[in-house]
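Colleague: Hi! Could you talk me through the structure on your screen?

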Amino acid sequence: MNLLGYVVKRIIQTLPLLFLVSIISFFLIRLAPVDPLAELKLNPSITQETLNYEVKRLGLDKPVIVQYCLWLKSFLKGDLGYCTTGEKVSDKLKERIPNTLLLTGFVIFFTWSVGIPLGIVAALNWRKPLDRILTIMSSIGMAIPSFFFALLLLIFAVKTGWFPTGGLTSYNYSELGFWGKITDILHHLVLPVIVLFTISLSGLQRQMRGNLLDVLQSDYVKFARAKGLSETKVIYKHALRNAINPMVTLLGFEFASLLSGAALTEYVFQYPGLGRLILEAVMKSDINLVMASLMMGTIMLVLGNLLADILLKLVDPAVEAA
Amino acid sequence: MAKLPDFNTFNKDSILKSVLKDEFARRALYILIILYMAVFLASFISPYPKDYSNREKAYCPPSKIYIINEEGKLSFPYTYNYKRFFDKETFSTKYIEDRTHKYKVKYFSKGEKYKLFGFIPLNRHFYDVENGGELYLLGTDINGRDNFSRLLYGGQISLTIGFLALLVSFPLGMIYGGISGYFGGKTDFIMMRIAEAIMSIPSFYLLIILASILPANMTSVQRFSLIVLILALIGWAGFSRVVRGMVLSIKKREFVIASEAIGASNMRTIIHHILPQTLSYVIVAMTLSVPSYILSESGLSFLGLGIQQPDASWGNMLKEAQEFINIISRPWLLTPGFLIFVAVLAFNVIGDTIRDAVDPNSKEK
């Protein structure tokens, strides 16, 4: 089967999935007892007319099913509606999604470029002290709660003053030159990236180690050794390729867990990403905003998995489209 | 999908043996036993009751215990109270030790009445201090509550909520996966698509949405049970898919066909004959997933969506540490974070060993 056909088939498979997700999440959100207009109602300068207008605009006067249909209709048209604060939801998402992608992109890049070599090193030193140390370190990395680690790094940042304590840009960002802007953003990214990197590195390193150990026991590796190939050639030419293939599937999962893990980290670092957006939206019961960011999160997750599957098909043509 | 080891071949005794044989796993087990003991005996060990609060002593630093007195001689352990004063230069409230009066530490002394394990009435506390004295081993929080006592009471929630959630999510996932795999066809298709839909929502997003649905005016017991339910609702979907895969192969075995032949109902066949076959896997998977529930609860409470004040949980105790001034000058507020870390680490180490014992081919450790 050609690649294009495979991609199209996979995309068609995900559409009913997204539909189901939207139904589940819409009804969940509408169950929330919080009044989405509570803040406006408390504001004495807001008149009853404005309130009525808001109720109409957000569709709150209609039954839940009608609300869902209205939401779905406008969602399909690409109109995501307005937040309770009056801003366009799509504008907010446009501002936040790139930030989250930037963060996860950096994290995935670093975890892969560090985790894979570390996994190989651990597998080649199986049961030796180096392997033991790496195993202990990965256990520690897996056990730190992300928000707690973020807090510890915040203390570090406050005490040393080496890193900014939150956000993505400094107050004088707009006055900086092009390179100044880039360094400023990178400077703000260091701490959140360290937190997420530490947490996702451990899993990747372990997986790589396990895969390589499995492959090293297989018959074709034994055969390659018996043939008289040098150990370097056996490992890097024969074993490694097959050990890395399953890792590609993991990329999709990693993306998913990063989206979830990032929410708490973004919250502690006041990082303007999707996770913090949905958190704020949930607290205010801003239906349109929660729905839109939830759908975007899901779409990103599904796309991440799809991308991983396509990559896997590229590196390993033997994979069948499930 | 990772291939499953054959879970029917391992012996349950060998799991415990392998945990005790492994040096790290044994220590982890001891740590967990100590943590759970401390938490269950909280009302005995902690000198202050659950609702104690001393508004005069907000953010009081940890009390120092002296065993060598001013003359340099060994003495019975004693402590000094802290005195609050206002520093006019820095405009901040500070505490200094009030050295005018010593307070002896008392052991197994009579104090506040409580019920151990909820039904044994007692009034002795492991340690306490003479009348008028205050002994805050790990300082106090914003409301002047003893941090050490709250850590113990909070642990009761943080360390048990994961197990309770497992008791809901695993039966749910087993029955769901069992029905889906056993009936197959359209039922299977629809049920698995629903499970996949739940799995494709980023789990933490789903978690906070579910938590935000909870009404505010609930008793703490109600809230606790609902948080358990929410945590369970996140975890079952992925698990049910694995069970379904196992059921697909089990349902072709002779004993299932025999059960059908003697006219057992579908549900009876599933619950009495098929699901018990998956039990070994289920038990291992349960042990491995305890730490993730602990982390989820603490994350949720940290955001203020989980366990609410005045109840303590390690997550909501860390909420106070979100302010810069607190983490810089009041580091004792970070202790719940270390405890979460230690508990999760211990569970992970034991989980790794169990995985190795169950699956001899796995080289994860």
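Modeller: Happy to; we can go through the chain contact, a helix pair and some backbone details.
Modeller: This is a predicted model, where local features need pLDDT of at least 70, side-chain atom pairs count only at pLDDT 80 or more, and totals for chains, interfaces and linings use all residues. Residues are numbered from 1 along each chain as its sequence is written, while chains are lettered from A and ligands numbered from 1 in the order in which they are written.

Colleague: Thanks! How many residues does the contact take from chain B and from chain A?

Modeller: It takes 39 residues from chain B and 45 residues from chain A, with two residues in contact if their C-beta atoms, placed from the backbone, lie within 7 Å.

Colleague: And which helix gives the largest share of chain B's side?

Modeller: That is H6(B), with eight residues. Helices here are DSSP runs (H or I, at least four residues; strands are E, at least two), numbered from the N terminus. By class, the chain B side that touches chain A has 26 nonpolar, eight polar and five charged residues. Ala, Val, Leu, Ile, Met, Phe, Trp, Tyr, Cys and Pro count as nonpolar, Asp, Glu, Lys and Arg as charged, and the others, Gly among them, as polar.

Colleague: Switching topic: at what angle do H11 and H12 of chain A pack?

Modeller: H11 (residues 274-284) and H12 (residues 287-315) of chain A pack at about 150°, and their axes are 9 Å apart. Axes are lines fitted to C-alpha atoms, for helices over the stretch in contact, and angles run from 0 to 180 degrees between N-to-C directions. That makes H11(A) roughly antiparallel to H12(A); the cut-offs are under 35 degrees for roughly parallel, over 145 for roughly antiparallel, 65 to 115 for roughly perpendicular, and oblique for the rest.

Colleague: Nice. Which residues meet there?

Modeller: From H11(A), A:Leu274, A:Leu277, A:Ile278, A:Ala281 and A:Val282 meet A:Leu289, A:Val290, A:Ser293, A:Leu294, A:Met296 and A:Gly297 of H12(A). The residues of this H11(A) contact with H12(A) divide into nine nonpolar, two polar and no charged.

Colleague: Which residues does the cis peptide bond join?

Modeller: B:Gln309 and B:Pro310, with omega about 5°. B:Pro310 lies in the loop between helix H9 (266-302) and helix H10 (314-318) of chain B.
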